[in-house]
Amino acid sequence: MAWHEMSDSIKKVAESEPRPASKLGAIGSLAWLSVLAGVIVAAIFIPGTAFMASTSNKVSKDIVDLPLALQDLPNPQTTRVLASNGRRIAYFYQENRQDVPLERIAPVMQEAIISIEDYRFYEHGALDLKGTLRALMNNAADGNTQGGSSITQQLVKLTLVQQAATKEQRAAATEVSTARKIRELKLAINYEKKYDKDEILEHYLNIAYFGDGAYGVNAAAYHYFSVSPDKLSTSQAATLAGLVQNPEQHNPRVYPERALQRRNTVLGVMARLGKITRAEADQLSTTPIGLKITSFPNGCVDSSAAFSCDYIRRYLLQEPALGDTVKQRQAMLERGGLTIKSNIDLSMQKHVNDAVSKYVAPTDKALGAMALVEPGTGKVRALGQSRPMGRDKKKGQTFLNYVVPKQYGDANGFQGASTFKMFTTAAALEEGIPTSKSYNSPQTMTIPTGEYFDCDGNGTGAWENLKNSTGAGTFDMVGGLRKSINTYFAQLQRDVGLCETVTMAKKMGIPITEPDTKKGEPGSYVPSFTLGVTDVSPLHMAAAYAAPASGGTYCEPAPISEIIDRSGKTIKKYKTDCKRVMSKETAAKVNAILVGLQQPGGFGHSNGTALPIPSAAKTGTNDAAKAVWYVGYTPELVAASTIAGLNSKGQPTALPGTTLRGTEITFGQAGGSSLAGPQWKAAMGPISENLTPAKFDSVTLQTYQPPQRSRGDDRDRGRGRGRGGDDDD
């Protein structure tokens, strides 16, 4: 259309409109219309910089500086995190939106939005001159913007706001001015050259905001009516179409009467335009809106697997496949419309949630936590803790994830205590030390300086005041590990080597601090390493014990199986990251020893932890009983259970004297098998019903045979193996 033809058209349209007297005043209407027509035509055909120089200074430089062509960028989309069975765990988004093609949007929805927003959409070009001129004339009269924009113009505005990268650009994209509106006209003309009407309608329905956090018609249909957009009824479509003009003021969840009136207005317009009959409009106008809300909670707080979810989120923020920086990865996670297929098993997750909440209340001065890992793959099956996710500290809520390593949860973890004796055992067996290796293990002992060395040959200080809590006497490796004899393992670690013990733990994923000789700091290489003085998370321990459970292979914890982009293409498919850390024979011997804790006479069995399928376990209780552990497993699943004392500031505190679920814990009760064990069983009991009765590899354990005594020595009979306690140290 030539400029003079467009000018004449504008004049003809404008002559039928009421004139804004405050602006026409002394000049004739025809003169004013000519000026207005000239401004519109000039704005459309003259370059932006020239237009700025030759028109009112109200034209913002920020508006002119905005690009004159829209970037072809995808809409922000909602990312879904799925469990191993495909069920949703969580959504991540900046704008809750899932784009859908036009053929998946009900025709009545298309007709409703066109009827109320731009009924001549398929008849005019980018500009609806009548509506646009009406808006401009009224804007000129009172300085306010008014409706009249075509669907294409609205789409342009919404896109400009969405793509604005700075505060200045966002302000310019929403500025209340004729200049902004004229610029949108120019962009709309270019847009209609690039896309046909159906494509524009599809883009509009996917970008439009429908209120209550629903962006795009798909999210709106599911949110308000719990149906897909292709299943929308006439009444539902009219309700949604009525929202885009003022989404919050017409929000049917908050303002049902306003929404009802607006819906009926849309129905009336549809009837007037012949999209539905008057009788249908009248009948539908008497019906309620009929909301059926589906929520789309953003993030992990409301997830049934909150801390598993948060671990996945933090894990993805360190995933290079999603971007070079954390900021880029977060943007991809919140805007990319990804599908994250996780390894979380929601059935197992429920049992973990039930177990940790059963034994420890959110406001108790303690924390119950569990982590589940699959041997041979490293798949993380569930994570849970007794303190729920949230900001309300009075309710015991927290965002600290105590179940995972600090880099993923910001918590330091807890001393692993006697669960570390498994590392010493594995290192000894790998060095060829037999399970029959015995030591006289007194109740107390001191290991002098020069008995332990780090991997550079640097010696450590003496180990004084070493005590047992579960017996004394002569023990072999089988009895020493099952009864968790401290003085036995002090000697075994000395003979196998502190370096070898720490190295074995490191191979199984335990965080190790290397010595700093310049500062004189030994790091993790201290004599008491075998007693678990290192802080670890339940996930650390579950992954570590999965090594013997799998037959000697350690696998890095794997919370995710696959990342898929919005188009269905795989961004990354995760492979198992496993390596052999001990021989199959060593693993079989470790398992055979630890099976004893789950059998009659074992610490765990005595506290009701036995399962109907083969299982093994190790207990742990650190100094002052600040943390107790029960790490139990089958060939198919490892569960690390811990209960740890925590004060209101999240600092470790002793469990004895603490009240858990209204019951005060005595010193005798604060043990691995007696406290963390029942929590472990509460989860693993029902979980084991769906596990196969797989057996550990069979192996023969060599045991210590005490020398034969004469009849005169009968008074000493029974003292050789020592007295077993009810729990470990």
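Counted along the chain, the bonded cysteines follow the disulfide pattern 1-2, 3-4, 5-6. A search of the whole structure finds 3 disulfides, a disulfide being a pair of cysteine sulfur atoms within 2.5 Å. Do keep in mind that this is a predicted model, in which local features need pLDDT of at least 70 and side-chain atom pairs count only at pLDDT 80 or more, while totals for chains, interfaces and linings use all residues. Residues are numbered from 1 along each chain as its sequence is written, and side-chain values use heavy atoms, with hydrogens and water left out.

Let us take the disulfides in turn. One of them joins Cys300 to Cys309, with an S to S distance of 2.0 Å. The torsion about this S-S bond is about -70°, so the disulfide of Cys300 and Cys309 is left-handed. Both Cys300 and Cys309 are buried, where buried means under 20% relative accessible area, exposed over 50%, and partly exposed in between (1.4 Å probe, protein chains only).

Next come Cys455 and Cys499, whose sulfur atoms are 2.0 Å apart in a disulfide. Here the torsion about the S-S bond is about 100°, so the disulfide of Cys455 and Cys499 is right-handed. Cys455 sits in the loop between β8 (444-447) and β9 (463-467), and Cys499 in helix α23 (residues 498-507), so the pair ties together parts that are 44 residues apart in sequence. Helices (H or I, at least four residues) and strands (E, at least two) are DSSP runs, numbered from the N terminus. Cys455 counts as partly exposed at 40% relative accessibility, whereas Cys499, at 16%, counts as buried.

A disulfide also joins Cys555 to Cys578, with S to S 2.1 Å. This pair links distant parts of the chain, 23 residues apart: Cys555 belongs to strand β12 (residues 553-555) and Cys578 to strand β15 (residues 578-580). With a torsion of about 105° about the S-S bond, the disulfide of Cys555 and Cys578 is right-handed. Cys555 has 4% relative accessibility and counts as buried, while Cys578, at 29%, counts as partly exposed.

Now look at strands β13 (residues 560-564) and β14 (residues 570-573), which pair in the antiparallel sense over 3 bridges; two strands pair if DSSP finds at least two bridges between them. Ile563 stands opposite Lys572 of β14. The two strands, β13 and β14, form a hairpin with 5 residues between them, and Gly568 in the turn has a positive phi of about 95°.

Back to α23, the helix that holds Cys499. What is the angle at which α20 and α23 pack? Helix α20 (residues 421-430) and α23 pack at about 110°, with their axes 8 Å apart; axes are lines fitted to C-alpha atoms, for helices over the stretch in contact, and angles run from 0 to 180 degrees between N-to-C directions. The helices α20 and α23 are therefore roughly perpendicular to each other (65 to 115 degrees; under 35 counts as roughly parallel, over 145 as roughly antiparallel and the rest as oblique). Among the residues making the contact are Phe423 and Glu430 of α20 and Met504 of α23, contact meaning heavy atoms within 4.5 Å.

Finally, turn to helix α6 (residues 107-117): 9 of its 11 residues are buried, so α6 is largely enclosed by the rest of the structure. The buried residues of α6 include Val108, Met109 and Glu117. The partners against which these buried residues pack are α8 (151-163), α11 (197-207), α12 (216-225), α13 (234-241) and α14 (256-272).
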